[in-house]
Amino acid sequence: MKWDWNAVSDFMPAFWHGLLVTLEALALGSLVSFTLGLVWTLLMRTPARWVRWPVGVVTEFVRNTPLLVQLFFLFYVLPEWGLTFSALATGVFAVGLHYSTYTMQVYRAGIEAVPVGQWEAATALNLPRRRTWTAVILPQAIRRVVPALGNYVIAMLKDTPMLMVITVPEMLQRARLFSQQHFQFTEPITVIGVAFILISYLASLLLRALERRLVR
């Protein structure tokens with residue numbers, strides 16, 4: 001089968017638009033994931049069982065159900081209950097919520113890796129509990145888990161094509177629409193595959209550089 005460069009040229013405007021949407025969904029989804037993951041972690045460390053139990057149930061449910069099912073539920077079921085959001089907002093929240101149940105475990109490991117002496121020093125200085133967390137524990141814990149969080153960003157990137165099922169015009173959705181309109185599938189799908197490889201590879205290089213810097 002002959003490669004058609006004209007098809008690639010015709011597809012590029014749609015590709016760039018889809019790339020911007022993909023990166024937007026990735027950035028916002030990562031922000032939601034990191035924020036919610038930290039919230040889940042802190043709530044699970046509270047002494048009150050009436051707080052820990054529902055948080056544990058929710059996070060286990062989200063972690064053990066497919067992201068695709070969650071996307072369908074949020075986009076197609078919630079409107080029947082009067083809750084309607086845009087496709088992109090729904091996709092961002094679904095991806096962020098799903099991955100927050102994984103990042104919470106990363107935060108937990110980081111917090112538990114903080115030496116006991118740090119907690120004891122904060123207690124000896126009579127620091128308030130909030131000050132202990134914000135000035136002593138979390139800065140050390142987050143610094144330790146940045147590489148692991150970066151791995152989940154790359155995983156989120158590779159899951160963004162799922163957003164096409166709720167009509168988000170990300171890269172794969174753009175390629176699908178172009179292919180159906182022009183009856184050319186090889187070129188747009190190949191371009192999308194190469195784009196994902198390059199973005200993932202560049203992200204992994206940045207992650208390694210960041211990890212080396214944190215070690216130093």
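Biologist: Is the crossing of α2 and α4 left-handed or right-handed?

Modeller: The crossing of α2 and α4 is left-handed. Please keep in mind throughout that this is a predicted model.

Biologist: By which quantities are two packed helices described?

Modeller: In general, one gives the angle between the two axes together with the distance between those axes. For helix α2 (residues 49–63) and α4, the axes cross at roughly 115 degrees and come within 8 Å.

Biologist: Which residues of α2 and α4 meet?

Modeller: On the α2 side they are Thr59, Val62 and Arg63, and they meet Leu97, His98, Thr101, Tyr102, Met104 and Gln105 in α4. By residue class, this contact divides into 4 nonpolar, 4 polar and 1 charged.

Biologist: At what angle do α3 and α4 pack, and how far apart are their axes?

Modeller: Helix α3 (residues 67–77) packs with helix α4 (residues 87–113) at an angle of about 140 degrees, and the axes are 10 Å apart. An angle has to be over 145 degrees to count as roughly antiparallel, and α3 and α4 are therefore oblique to each other. The crossing of α3 and α4 is right-handed, whereas that of α2 and α4 is left-handed.

Biologist: Which residues make the contact of α3 with α4?

Modeller: From α3 come Leu67, Gln70, Leu71, Leu74 and Phe75, while α4 supplies Ala87, Thr90, Gly91, Phe93, Ala94, Val95 and His98. These residues divide into 8 nonpolar, 4 polar and no charged. His98 of α4 belongs to this contact and is also among the residues that meet α2.

Biologist: Where do Phe11 and Phe15 lie? Are they buried or exposed?

Modeller: Both lie in helix α1 (residues 5–44), with a spacing of 4 residues, or about one turn of the helix. Phe11 and Phe15 are each buried. Together with Trp16 and Phe178, they form one aromatic cluster.

Biologist: What arrangement do Trp119 and Trp133 form?

Modeller: Trp119 and Trp133 form an edge-to-face pair, 5.3 Å centre to centre and with 85 degrees between the planes. Trp119 lies in helix α5 (residues 116–124) and Trp133 in helix α6 (residues 129–159), so the pair ties together parts that are 14 residues apart in sequence.

Biologist: Is Trp133 buried or exposed?

Modeller: Trp133 has a relative accessible area of 11% and is therefore buried.

Biologist: Finally, the backbone. Which phi does Asn126 have, and where is Asn126 found?

Modeller: Asn126 has a positive phi of about 60 degrees although it is not a glycine. Asn126 is found in the loop between α5 and α6. With a relative accessible area of 67%, Asn126 is exposed.

Biologist: What is the phi of Thr167, and in which loop is Thr167 found?

Modeller: Thr167, likewise not a glycine, has a positive phi of about 70 degrees.

Conventions: Residues numbered from 1 in each chain as written. Predicted model: local features only at pLDDT ≥ 70, side-chain atom pairs only at ≥ 80, totals over all residues. Heavy atoms only, no water. Axes fitted to C-alpha atoms, helices over the stretch in contact; angles between N-to-C directions. Helix = DSSP H or I, 4+ residues; strand = E, 2+ residues; numbered from the N terminus. Parallel < 35°, antiparallel > 145°, perpendicular 65-115°, else oblique. Left-handed = near helix turned anticlockwise from the far one by under 90°. Contact = heavy atoms within 4.5 Å. Nonpolar A, V, L, I, M, F, W, Y, C, P; charged D, E, K, R; others polar. Buried < 20%, exposed > 50% of the residue type's maximum accessible area, 1.4 Å probe, protein only. Phe/Tyr/Trp six-rings, centres within 6.5 Å; stacked < 30°, edge-to-face > 60°.
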